[in-house]
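Work through these exercises with the model on your screen. Try each task before you read its solution.

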Amino acid sequence: MLYSIADFYVEYEPKYPRLLSRSEKYLAKDQSIAPDFTLVITDEEIDEHLKKYDATRDLAEYVLMGAKFYKEILDKNAFFLHSSAVAVDGKGYAFTGPCGAGKSTHSSMWRKYFGERVISVNDDKPVLRIINDTVFVCGTPFSGKHDINTNTLVPLTGICVLKQAKENSIVRLNSYEAMPIFMEQTLRCNEADKMSALLSLLDTTLLKVPVYRLSCNISFEAVELAFNTLSGDTLI
């Protein structure tokens, strides 16, 4: 089957229900288009995965396909950032940080605040792709346990590194501060060429997209502070 993911045409054949169902919204309308790349998960790869992790074959296939997809796109000006990404009025915003930082919670507050103006791009592993010198944030079917994602790509306006706090505050990070954070929240490969491609992509992204440290609580005031800062607009 041919799927359109992050504006790539990707060919793969799901064997198990999880990957099949989560890929449905990415099914390419024209199945005759030549794929940009083909991904294959073998039974042997699933067997090896199950030796290391307590999982079903259904889950193993889904996880392995996501890993292969994210590794493949490194050579194609794209990478994934462990984050929760939303779009408001066609502009993308991503919230990253370690597990427990509140990425999904903060995104849910944006959905409540903006209502129909907001869409969830991907709640766990959106793709950041550079096209014609612009960084886009893209939905994928690989989006964590809740499967919150949209088959879309929008220009990325800004990124927030989240930190839980009683009071809301925001400060811009420079590239040297942001780079190690991004390295912790993406796929790091052993292959030298893949790692070189990743570092180049991170460098370009940090030059083009502002990154902020958002210390925040669970409130609409935190949403307003983040939106006003990242978008340059003021909510009334």
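**Exercise 1.** How do the residues of the lining of the second largest pocket divide into nonpolar, polar and charged?

*Solution.* Start with the source. This is a predicted model: local features need pLDDT of at least 70, side-chain atom pairs count only at pLDDT 80 or more, and totals for chains, interfaces and linings use all residues. Residues are numbered from 1 along each chain as its sequence is written, and side-chain values use heavy atoms, without hydrogens and water.

Next, the term. A pocket is an open set of points on a 1 Å grid over the protein atoms alone, where a 1.4 Å probe fits, with protein on both sides within 12 Å along at least five of seven lines; lining residues have an atom within 4 Å of a point.

Now count. The lining has 2 nonpolar, 9 polar and 4 charged residues. Gly counts as polar here.

Then locate the space. The second largest pocket holds about 230 Å³. Among its 15 lining residues, His-82, Lys-103, Ser-104, Asp-123 and Asp-124 are the closest to its centre.

**Exercise 2.** Which element gives the largest share of the lining of the largest pocket?

*Solution.* Take the volume: about 650 Å³. Find the centre: of 25 lining residues, Val-63, Leu-64, Ala-67, Lys-68 and Leu-187 are the closest to it. Helix H2 (43-52) and helix H3 (57-72) each give two or more residues. Helices are DSSP runs of H or I with at least four residues. The largest share, 9 residues, comes from H3. By class, the lining has 11 nonpolar, 5 polar and 9 charged residues.

Conventions: Grid points are joined across faces, edges and corners, and a volume is the space filled by probe spheres set on the points.
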